[in-house]
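Hello,

Here is the structure I promised to pass on to you. Please open it alongside this email, and I will walk you through what turned up.

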Amino acid sequence: MRAAVLHEIGQDKLEVLDDVEAVGFGPGKVRVRVRATGLCHSDLSAMNGVLPQPAPFVPGHEGAGEILDVGEGVRNLKPGDRVVLCWLPACGACPACKRGQTELCLAGFMNAGTPNFKRPGGDLFGFAGTGTFTEEVVVDAGCAVPIPDDVPFDIAALIGCGVTTGLGAALNTADLEAGSSVAVIGCGGVGISAIQGAKLRGAAEIVAVDPVASRREAALKFGATRAVSPDELADAKQQVTAGEGFDYVFEVVGRSATARTAYENTRRGGTLVVVGAGAMDDFLQLNMFELFFDEKRILPSMYGGGDVLRSYERTIALWRAGRIDLNGLITHRVPLAEINEALDQMRTGTALRTCIEI
């Protein structure tokens, strides 16, 4: 079957190969025919080594498709079922799950160290235990979440990561209050979803911050009240908050420099929500006096900071009701054979989300 493969960490191009095989099918597993997958910035971060990932590997973790086969013991799925792939499934039995913090379950990460593809040259891993830049993938049954028939595969794919992460950061992690002032730093697909979450919660002012003009323009269409480049943020802070700082600032880039900027633009007693996935050797520096004196809350948001399955259901309900725009997030579409074009669109910021149609 066909799949896009990264041979070594640090390479910037994927090779689309026809000799890849999905492996690992058996009890508790399902085989999924991938129909659509989004390109998330985390895929690039895994390719360049910012996020740890064994290589060679098949990138992609934001996918949807249909069940081809189910292994022994799988009761809730059958061939033909439409599913979204969840790269962070909850085991239901670990301490985090028992506390109700299913987004912190590590069961899914354990899958990342087991190859789930092979080719004549050897084993291949799937990014984050999935690997959706392929025609078929074998995953644990818990990674395949049924979706209603009226949800298209491309929309379902977005729900699998970016939309759930951004919406959840505003609705779950920040628990954003109506009438508040908000800044969102980084306005790709996740940042735009955070903007939509802030709008849903009734934020009075939502300032979108991004160096790419097309993304700033898009942010205004999705609910931002103003959009500025990074060097215009100080002026926006003065105009919107009289220099005090924003009630909530969302950092959706994953770099210490932008996290520091976000901290400095959060008002005393306000909330900084860290959404971007960064590198283990990139350290955010805060001095102990400001940490104490400013009493700013720093809230990391892992996969939207809430129960993933409930978040999926909520997102579908909001989309059906027309309260959020998911179709508009897909700005580009390419076939798997042109996956490197999608990578370029992500790197240059010309795409909010590129859908890879398989």
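Which residues have the most contacts inside the largest nonpolar core? They are Val-30, Phe-133, Val-182, Ile-195, Phe-250 and Ile-356, in a core of 97 residues. A nonpolar core here is a set of buried Ala, Val, Leu, Ile, Met, Phe, Trp, Tyr and Cys residues joined through side-chain atoms within 4.5 Å. Buried means under 20% relative accessible area, exposed over 50%, and partly exposed in between (1.4 Å probe, protein chains only). Helix H4 (residues 153-159) gives the most to this core, six residues. A second, separate core has 13 residues, among them Ala-183, Ile-185, Ala-236 and Leu-272.

Before going further, a word on the source: this is a predicted model, in which local features need pLDDT of at least 70 and side-chain atom pairs count only at pLDDT 80 or more, while totals for chains, interfaces and linings use all residues. Residues are numbered from 1 along each chain as its sequence is written, and side-chain values use heavy atoms, with hydrogens and water left out.

Next, have a look at helix H8 (residues 233-241). Helices (H or I, at least four residues) and strands (E, at least two) are DSSP runs, numbered from the N terminus. The buried residues of H8 are Leu-233, Ala-236, Lys-237, Val-240 and Thr-241. They sit on the same side of H8 because they cover an arc of only 105° around the axis, taken from the directions from the helix axis to the C-beta atoms. The face turned away from this buried side carries the exposed Ala-234 and Gln-239. The buried residues pack against strands S12 (181-185), S13 (205-209), S14 (226-228) and S15 (246-251), and against helix H9 (256-264); contact means heavy atoms within 4.5 Å.

Ala-242, which follows H8, lies in the loop between H8 and S15. Its phi is near 60°, a positive value in a residue other than glycine, and Ala-242 is exposed, with a relative accessible area of 62%. Tyr-303 is not a glycine either, yet has a positive phi of about 55°. Tyr-303 is in the loop between strand S17 (297-300) and helix H11 (308-320), and counts as buried at 3% relative accessibility. Finally, the peptide bond from Ala-55 to Pro-56 is cis, with omega near 0°; Pro-56 belongs to the loop between helix H1 (41-47) and strand S5 (57-58).

Enjoy exploring!

Best wishes
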